[in-house]
Amino acid sequence: MADGQTDWLAVGARRTRAQRLLEAVTAKEEERMRELLRRRSRLKALLHHEEANYRQELQEKYWELEKDRLERRVKAAEELQAREEDERMKFVLRADEQRRKQQCHYYRDAYSREIQKYLNESRPQEITLRNQMTKAYGVQKKMSAVQDD
């Protein structure tokens, strides 16, 4: 039975060695898995950090582009407003000039009517004066630039 016992001990020793080997392999595998998990966690954190940085950069670029676009729109609106104001001023100046010309025309017309009225009213007096001069002196004197028909 000694032989059976050695066999049993040998089987036990083999089993113990196999268990120790299995435990060692399992421990190494667990350590490797923990290391992989740590690496994975670190990589995940790095990726999240990089993603956050990229998002922040994209957000900053977006706001910068929006700011530039807004500045361009404001500048275009200001230019349009200035152009419209110039056109309005030109229109007002043209209207003022037209009004001045119209007033000058009205003034000339009124002045011409008044002069003509004065000449028409003074014509009989001029004829009378000419007749008196002719009777008194015997010479026909011309009065002003107006002549009798």
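Of the 149 residues in the chain, buried residues make up 3%. The structure is a predicted model, and its secondary structure comes to one helix and zero strands. That element, helix 1, covers residues 2–137. The chain exposes about 14500 Å², of which carbon and sulfur atoms supply 57%.

**Aromatic pairs**

- The structure holds two aromatic pairs.
- One of them joins Tyr62 and Trp63, whose ring centres are 5.2 Å apart.
- The planes of the Tyr62 and Trp63 rings stand at 70°, so this pair is edge-to-face; the cut-off for that class is an angle over 60 degrees.
- Tyr62 is partly exposed, at a relative accessible area of 42%, whereas Trp63 is exposed, at 52%.
- Tyr107 and Tyr111 also form an aromatic pair, with 6.1 Å from centre to centre and 20° between the planes.
- The Tyr107 and Tyr111 pair is stacked, because planes under 30 degrees apart count as such.
- Tyr107 and Tyr111 are four residues apart in helix 1, so about one helical turn separates them.
- In general, a pair of aromatic rings is described by the distance of the centres and the angle of the planes.

**Nonpolar surface patch**

- Tyr107, Tyr111, Ile115, Tyr118 and Leu119 make a nonpolar surface patch of about 560 Å².
- Tyr107 and Tyr111 therefore belong to this patch as well as to the stacked aromatic pair, given that nonpolar side chains, Tyr among them, are joined into patches within 5 Å.
- Tyr107 is exposed, with a relative accessible area of 57%.
- Tyr111, which is found in helix 1, is partly exposed, with a relative accessible area of 49%.

Conventions:
Residues numbered from 1 in each chain as written. Predicted model: local features only at pLDDT ≥ 70, side-chain atom pairs only at ≥ 80, totals over all residues. Heavy atoms only, no water. Helix = DSSP H or I, 4+ residues; strand = E, 2+ residues; numbered from the N terminus. Buried < 20%, exposed > 50% of the residue type's maximum accessible area, 1.4 Å probe, protein only. Areas by Shrake-Rupley, 256 points an atom, 1.4 Å probe, with all protein chains shown as cover. Phe/Tyr/Trp six-rings, centres within 6.5 Å; stacked < 30°, edge-to-face > 60°. Patch = residues over 30% accessible without salt bridge, like charges linked within 9 Å, V, L, I, M, F, W, Y side chains within 5 Å. Salt bridge = Lys/Arg side-chain N within 4 Å of Asp/Glu carboxyl O.
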